[in-house]
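Biologist: Please walk me through the sheet in this model. Keep it brisk.

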Amino acid sequence: MAVLSIRMIGDPILRTPAAAVTDFGPELARLVEDMTETMIDVEGAGLAAPQVGIGLQVFTYRVDGVEGHVVNPVLETDGASQGESDVEGCLSVPGLGSYVDRTRWARVTGKDAAGQDVVVEGTGMLARALQHETDHLRGTLYIDRLAGEDRKNALRAIRSADYNRVTSRTAAQRSLTLGSSFTPGAATARGAGPTGAFGRATR
């Protein structure tokens with residue numbers, strides 16, 4: 001397994017809808033392993049294949065002790081809004097975070113890397129993760145779901161010269177572990193430092 005490079009906002013693959021997976025062979029299994037290691041290495045709670053430059057419908061997740069992956073996910077949502085229960089950020093938009101309107105419950109149905117049926121459902125943070133990562137596979141970033149002043153502030157920050165330094169510094173930090181082998185005991189998805197894909201802080 002290896003740590004992969006994470007694409008940053010501005011990379012066109014993040015805005016391109018991902019293709020459905022049709023080959024459930026060893027290359028897909030390797031991709032899932034590498035994505036899982038990468039997600040853990042950067043202390044993320046989730047990671048979608050386009051974020052590592054692969055335009056396929058695959059994402060991994062690791063939230064509150066629940067870990068896995070879904071291939072070709074189909075998302076269902078229901079229930080009231082989570083409101084301002086947690087700040088959401090993104091590994092591909094480092095250094096920023098905002099409240100995003102997500103439903104309290106979500107479920108994805110799809111396949112695992114071996115082509116077997118899989119269903120993942122949850123509330124709270126897991127529901128947020130499932131919605132966030134499925135968005136990535138549609139070419140949507142969390143900032144697209146912001147409105148009003150929140151959206152203006154996020155776009156203003158991204159356009160600033162300072163933000164270029166944020167992305168450059170983040171890329172340099174992450175490059176230190178690129179291609180490394182898996183090491184047990186990597187940071188958890190929440191609670192200790194940056195959470196990456198979404199949460200109270202980004203890296």
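Modeller: Strands (E, at least two residues) and helices (H or I, at least four) are DSSP runs, numbered from the N terminus. Two strands pair if DSSP finds at least two bridges between them. The model is predicted: local features need pLDDT of at least 70, side-chain atom pairs count only at pLDDT 80 or more, and totals for chains, interfaces and linings use all residues. Residues are numbered from 1 along each chain as its sequence is written, and side-chain values use heavy atoms, without hydrogens or water.

Biologist: Which are the edge strands of the sheet?

Modeller: Five strands form an open, antiparallel sheet, ordered S1-S2-S3-S6-S7. An edge strand here pairs on one side only. That gives S1 (46-48) and S7 (117-123).

Biologist: Which residue is the bridge partner of Leu 47 in S2?

Modeller: S1 and S2 (residues 58-63) run antiparallel, joined by three bridges. Gly 46 stands opposite Tyr 61. For Leu 47, the partner is Thr 60.

Biologist: Why is S2 largely enclosed by the rest of the structure?

Modeller: Buried means under 20% relative accessible area with a 1.4 Å probe, protein chains only; exposed is over 50%, partly exposed in between. Val 58, Thr 60 and Arg 62 point one way, Phe 59, Tyr 61 and Val 63 the other, and all are buried. S2 is largely enclosed because its buried residues number six of six.

Biologist: What positive phi does Asp 64 have?

Modeller: S2 and S3 pair antiparallel over six bridges. They form a hairpin with two residues between them. Asp 64 lies in that turn, and its phi is about 50 degrees.
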